[in-house]
Amino acid sequence: MTSIQSVLAAFGIILVDLLGRAGLDKVLAIAGDPTMVAHWAQLQSVVELVSTVALAGILQGLTVLIAQVRTPSGESGLLGAALKLGSGASLAVALVVLMVVAQVRGEIEPDMFMLAALTGCIMVIPATLNAYWLGKHQQQRMLGLALLGSVVVLLVAIGAWFGLSLRNLLLVQCFMLAIIACVIWRYLRKLAGRKLSPAGDDQAADTRYLQKLIKFVPVGLTIGIMSPVSMLLIRGTLAESLSWSEVGYLQALWRSAEWVTATSAGVLSLVFLPRLSATYGSARFWQEIVRAGAMVLIPAAFLLLLICFFQRALLATLYDGRFVVSDMTAALFMLGSWVRIFSWLFLFGLFSSHRTILIMTGEVLSLPFFALLLWLFADGMTLERAALLYLSSFLAYLCFNAIGLAISSRETTTAGLIKQE
């Protein structure tokens, strides 16, 4: 299963990502202001909107299926199918984004959203290689790719330090990612073309792999569109109810909690998703769920509590003294973040069981539900109320995922017993 080296590499990947984001936010805060931090976050939500359509569905499916397939030809076929579906899905979403933003006028120019959409398309290529390596438990190679990707963040931070505009920072990000993606694309094409099955079987096999991955396309569309769009709506709604500066404060609190939430998500994805996928349908599956919960939820609770107690000093360190929220806002938001992590435990269980309909349905109760609550209770909005609504939405999401996985597991067990009889 997963070696100690792979687990350490997984933590390394998470740390590289968190340090990169925190460092860039710090530079944006110093070189600019809370509004610049909020605007950069909006643009990155567009990047995620385009890329996550593939990452959250097709590439999660690639990891699950690679962990379950047993032949080199199967791995190559799955990789080729994932490349086609992932690239096509992200490009289709990017085109929709271009049509929408062309009609939008606001503080951020439409051409910047277009550039962000292009960046999202490019990001799918290295993400495909990551998903393939994850399914093969090759986290050490993923760490090398993460370090290469951190160069992009470093160059963007240097540009911000020297006063480049947001548009030029996006150009730096897009150009550097394009260089990396070109090299990875050639490597992926070689891997996808390495088949050991007879030539006559290739077309039929490719069709089977496409059919397996297509099941994950609706998941990617649901999560990939709902989550980033929800974040855009969340920030936009709060900016109308409060101000862009206060959106920047909440974004800073979100990033502070992300040291724990992203680490937890990384452990669940990089360590436990392949294990859950390999053991689903056996007695070991729920043992892995319990092990994942113990490894993730207990440390997360402790760390989020620390952030809650020292949030003022932490925000001043990660950003500067202008970023301040109330203690109640911090407490509610950290509790909501812990509930969110808890919900992911069952979400990855649903991914490993291929329960795409349940995943899509439950997604409505996460960030989209939070965005809806902010809109419904916009009158008299405060950051404290926003944090309470954040907690409420993820309590609903946790209950749905837990019940869904319990029912799915019972159905699988029952089907197995009937088959044995």
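These legends describe close-up views of a predicted model.

**View 1. The second largest cavity and its lining.**
The structure holds 3 cavities of 30 Å³ or more. The second largest cavity has a volume of about 70 Å³. L18, R21, A22, D25, R255, E258, W259, L318 and Y319 line this cavity. Helices α1 (4-31) and α9 (244-279) each supply at least two residues of the lining. The largest share, 4 residues, comes from α1. By type, the lining divides into 5 nonpolar, no polar and 4 charged residues.

**View 2. A network of salt bridges.**
Side chains of opposite charge can pair when their charged atoms come close. Here D17, R21, D25, R255 and E258 are linked in a network of salt bridges. R21, D25, R255 and E258 are also among the residues that line the second largest cavity.

**View 3. E288 and its partners R275 and R291.**
The structure holds 8 salt bridges. E288 forms one of them with R275, and their closest N and O atoms are 3.0 Å apart. E288 lies in helix α10 (residues 284-309) and R275 in helix α9, so the pair ties together parts that are 13 residues apart in sequence. Both E288 and R275 are buried. E288 also forms a salt bridge with R291, again with the closest N and O atoms 3.0 Å apart. R291 and E288 both lie in helix α10, 3 residues apart, about one turn of the helix. E288 counts as buried because its relative accessibility is 2%, under the cut-off of 20%. R291 is partly exposed, with a relative accessible area of 41%.

**View 4. The salt bridge between R312 and D327.**
The closest N and O atoms of R312 and D327 are 3.6 Å apart. This pair links distant parts of the chain, 15 residues apart: R312 is in helix α11 (residues 311-318) and D327 in helix α12 (residues 327-352). R312 counts as partly exposed, at 45% relative accessibility. D327 is partly exposed too, with a relative accessible area of 47%.

**View 5. A nonpolar patch on the surface.**
The patch is formed by I30, L148, V151, L154, L155, I158, W161 and F162. Together they have about 790 Å² of accessible area. Helix α5 (residues 139-161) gives the most to the patch, with 6 residues. F162 sits in the loop between α5 and α6 (166-192). F162 is exposed, with a relative accessible area of 66%.

**View 6. I234 and F370.**
I234 is in helix α8 (residues 217-241). I234 is buried, with a relative accessible area of 2%. I234 and F370 are 136 residues apart along the chain, and their C-alpha atoms are separated by 7.7 Å.

Note on methods. Residues numbered from 1 in each chain as written. Predicted model: local features only at pLDDT ≥ 70, side-chain atom pairs only at ≥ 80, totals over all residues. Heavy atoms only, no water. 1 Å grid on protein atoms, 1.4 Å probe; cavity = no way out; pocket = protein on both sides within 12 Å on 5 of 7 lines; lining within 4 Å. Points joined across faces, edges and corners; volume = space filled by probe spheres on them. Nonpolar A, V, L, I, M, F, W, Y, C, P; charged D, E, K, R; others polar. Patch = residues over 30% accessible without salt bridge, like charges linked within 9 Å, V, L, I, M, F, W, Y side chains within 5 Å. Areas by Shrake-Rupley, 256 points an atom, 1.4 Å probe, with all protein chains shown as cover. Salt bridge = Lys/Arg side-chain N within 4 Å of Asp/Glu carboxyl O. Buried < 20%, exposed > 50% of the residue type's maximum accessible area, 1.4 Å probe, protein only.
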